[in-house]
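Hi,

Here is the structure I said I would pass on. Have a look at it first, and my notes on what turned up follow below.

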Amino acid sequence: MKKLILAIGLLILCSPLVSTAQDENVQPPMGLDQLSAYSIYYENYKNEEYEGAIRYGRWIYKAMPKKLKGYSRFDLERNLNRLITAYSEVAMQKQDPSERSAYLDTAQVIFEKVYNEFGEDEIDMFEWKFKEARFLQENSDFIDDAMTRAYGIYLDLFEQDPEKFTQSGDGYYVQVTLQHLVNEEQKDKALDMIEKAEPHAPNDKLLAFFDTIRNKLFDSPKERIAFLESQLEQNPDSTAILQDLADLYDQQGQMDKVREIRNKLYEVNPNFENTRALADYAINNANYDEAIRYLKEALDKTDDQTEKARVALDISDAYLNKENLQQARSFARQAMNLDSSSGQPYMQMASIYSQAVSQCTGGRKMDRKDKVVYWLVLDYLDRARQTDSSLSSQVQNQYQSYQPVTPTTEEKFMWDPNPLEEGQEIEVGGNLHSCYEWIGETTTVR
């Protein structure tokens, strides 16, 4: 049997390598029945012996049989795909340009036969067109006008399904197509592609690429703003355009415009990011009541515990700026519970209790009982450093501010009714002054 197959193979070698003629009555080589020829073809293909696969399989693309007698699993579409691969692989092995071109021409003929033979309800036409464009791109050195044709197909596919095309190849194909438009100085088409593709970008790298291209297309930020404003008139609810405008207005210092756009983003989509952005704007403008309102709203719009901790800490900071120390402490404690690995909430607690002393003493002179509160401040600074060693330098700087104002040796000795001993616990609350009643914690004499 092996000798028979070898003999058949040698005879087939004498037949033309490539033929683009269409003949529905064509039969497998050397009188083989279709199933035998298919078996030899597939075995060669599977073993990457592509020339052998072509010898025994070329009849498939000529005859285009939808079924194969004796083999119910035959799939014409799949085998045409395999033949394109076989012809492409053999072409790359040929040194003679005419031979290489002949194989590549046949691969192109197979693409056309697929489009003529199958309807869109039978095959994924998007994937076939995509495969053809990649084929042209990969063989552009050997096929005339290949890249122009490939880019034409890519643009058609993008218009058909912007999301699918943008995410193909992890964003590679939309990048090369967009770069082609830029090279051809088709500015409007390039900007339109970015606008349609940006919402579907599969990664930050592609978003950064879009930003780079956009910057290259405009001579100045003002020109880009003017373009985006015109786009916004046509698409007033486009979050991508609104976000870009907000960033550009911010860069140009047009803060009234920033606020206007941030409000519009919030109206269109009041998600965590847009709510947080309004809060940040309010913080930057020292509008703490508004900041607290948006931050509390944002707190309920994320499930990320670390992000929630950051928001809680910002709420605490806003209350601290309003000198509402009890609320500031409440949200600092919430931040501790949300993110046990962060030392910042403990730093915040130290700041809150430090401000408590300033608030409590008011216009009067600080006495030894006020100074006890600073031991509690130091306790929280210690906990911040223990929780996050990266805060050591910051803690040390604050230590140098607070440690000198803790009770002196003399003040501890003169404590009423008994001297204070190092290591002794002492309450920080109304027992010191009534204004500390809300604190209700203990500290250790140092």
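A word on naming before anything else: helices (H or I, at least four residues) and strands (E, at least two) are DSSP runs, numbered from the N terminus. Please keep in mind that this is a predicted model, where local features need pLDDT of at least 70 and side-chain atom pairs count only at pLDDT 80 or more, while totals for chains, interfaces and linings use all residues. Residues are numbered from 1 along each chain as its sequence is written, and side-chain values use heavy atoms, with hydrogens and water left out.

First, the overall picture. The protein has 22 helices and two strands. Its radius of gyration (taken over C-alpha atoms) is 37 Å, well over the 22 Å that the globule rule (2.2 Å times the number of residues to the power 0.38) gives for 446 residues, so the protein is more spread out than a compact globule. The C-alpha trace spans about 115 × 55 × 40 Å along its principal axes.

Of the 446 residues, 46% are buried; buried means under 20% relative accessible area, exposed means over 50%, and partly exposed is in between (1.4 Å probe, protein chains only). As for contacts (heavy atoms within 4.5 Å), 57% of those with a separation of 6 or more are between residues 24 or more positions apart.

Now the inside. A nonpolar core here is a set of buried Ala, Val, Leu, Ile, Met, Phe, Trp, Tyr and Cys residues joined through side-chain atoms within 4.5 Å. The largest one has 82 residues, and Leu80 and Phe165 have the most contacts inside it. Leaving aside neighbours within four places in sequence, Phe165 is in contact with several aromatic residues, including Phe126, Phe130, Tyr154, Phe158 and Tyr173. There is also a second, separate core of 51 residues, with Val311, Ala328, Met347 and Val373 among them.

A few single residues are worth a click. Pro162 sits in helix α8 (residues 162-167) and is partly exposed, at 23% relative accessible area. Not counting residues up to four places away in sequence, Pro162 touches Lys196 and His200. From Pro162 to Asp317, 155 residues along the chain, the C-alpha atoms are separated by 44 Å.

Then go to the loop between α22 (409-413) and β1 (425-428), where you will find Glu422. Is Glu422 buried or exposed? With a relative accessible area of 70%, Glu422 is exposed. Even so, Glu422 touches Val445 and Arg446, again not counting residues up to four places away in sequence. Glu422 and Thr444 are 22 residues apart in sequence, and their C-alpha atoms are 7.5 Å apart in space.

Met30 is not a glycine, yet its phi is positive, near 55°. Met30 is in the loop between α1 (2-13) and α2 (34-46) and is partly exposed at 44% relative accessibility. Glu185, also not a glycine, has a positive phi of about 60°. Glu185 is in the loop between α9 (172-183) and α10 (187-197), and at 73% relative accessibility Glu185 is exposed.

Cheers
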